[in-house]
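Q: I would like to learn how to read a protein structure, one feature at a time. Could we go through this one together?

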Amino acid sequence: MMVDQRKFERKTFDEAISYVVPVLDLREIKLLNLAARAFDISDDGIGITTDYSLEAGHVLRFTDGGSLNRDMGIVRWSRECGNKHSSRAGVKFV
C-alpha cells in the first residue's frame, strides 16, 4: 500500500496555463513557450498535463497562470500519458 506523504491537500484545478522552460540545444539555451492544462493544485505544487515531454528537474516559469498566482516551479516527477508527446507532471512551487 502506498502512503501519501503530501503536506498539503490537493484540490481539483482545471485551468489552462502557459509556461516557459529553458532547454539546451546545440550548446545554446533556448526558451520554449508552452501550454499545459492543470488538473490539481495545493499550497505546495500543481499537477499538469502538457504536450512537451518534461523531465524531473526542469524549471518552469509560469507566464499566464490565470488564478495560479505563482511564478515558478520545478518538475518533481513526470511520466508519459497516452502517447510519447504528452506528459503528466507534478510541479513543486519555488
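Q: Is F62 buried or exposed?
A: Buried means under 20% relative accessible area, exposed over 50%, and partly exposed in between, with a 1.4 Å probe and protein chains only. F62 is buried, since its relative accessible area is 7%. Keep in mind that this is a predicted model, where local features need pLDDT of at least 70, side-chain atom pairs count only at pLDDT 80 or more, and totals for chains, interfaces and linings use all residues. Residues are numbered from 1 along each chain as its sequence is written, and side-chain values use heavy atoms, with hydrogens and water left out.

Q: How many helices and strands does the protein have?
A: Helices (H or I, at least four residues) and strands (E, at least two) are DSSP runs, numbered from the N terminus. Here there are zero helices and six strands, giving the pattern β-β-β-β-β-β along the sequence. Of the 94 residues, 33% count as buried.

Q: How many aromatic pairs are there, and how should I read one?
A: A pair of aromatic rings is described by the distance of the centres and the angle of the planes. Rings of Phe, Tyr and Trp (its six-membered ring) pair if their centres lie within 6.5 Å; planes under 30 degrees apart count as stacked, over 60 as edge-to-face and the rest as tilted. The count here is one aromatic pair. Because F62 lies in strand β4 (residues 59-64) and F93 in strand β6 (residues 83-93), the pair ties together parts that are 31 residues apart in sequence. F93 is buried too, at 7% relative accessibility.

Q: Which residues does S42 touch?
A: Contact means heavy atoms within 4.5 Å. Not counting residues up to four places away in sequence, S42 touches F8, E9, R10 and F93. S42 sits in the loop between β2 and β3 (45-50) and is buried, with a relative accessible area of 13%. A polar atom of the S42 side chain also lies 3.1 Å from the backbone nitrogen of D44.

Q: How many salt bridges does the structure hold?
A: A salt bridge is a side-chain nitrogen of Lys or Arg within 4 Å of a carboxyl oxygen of Asp or Glu. The structure holds four. One of them joins the side chains of D40 and R10 (3.2 Å, N to O). This pair links distant parts of the chain, with D40 in strand β2 and R10 in the segment before β1 (11-25), 30 residues apart. D40 counts as buried at 11% relative accessibility, whereas R10 is partly exposed at 42%.

Q: What about K92: with which residue does it form a salt bridge?
A: Its partner is D44, the closest N and O atoms being 2.9 Å apart. K92 lies in strand β6 and D44 in the loop between β2 and β3, so the pair links distant parts of the chain, 48 residues apart. K92 is partly exposed, with a relative accessible area of 28%, and D44 is partly exposed with 28%.

Q: Which residues make the nonpolar surface patch?
A: Patches are made of residues with over 30% relative accessible area and no salt bridge: like charges are joined within 9 Å, nonpolar side chains (Val, Leu, Ile, Met, Phe, Trp, Tyr) within 5 Å. Accessible areas come from the Shrake-Rupley method with a 1.4 Å probe, and for residues only the protein chains shown count as cover. L24, I29 and L31 make a patch of about 360 Å². I29, in strand β2 (residues 28-41), is exposed with a relative accessible area of 63%.

Terms used
A polar contact is a pair of N or O atoms within 3.5 Å; within protein, one must be able to donate a hydrogen and the other to accept it, and residues adjacent in sequence count only if both atoms are side-chain atoms.
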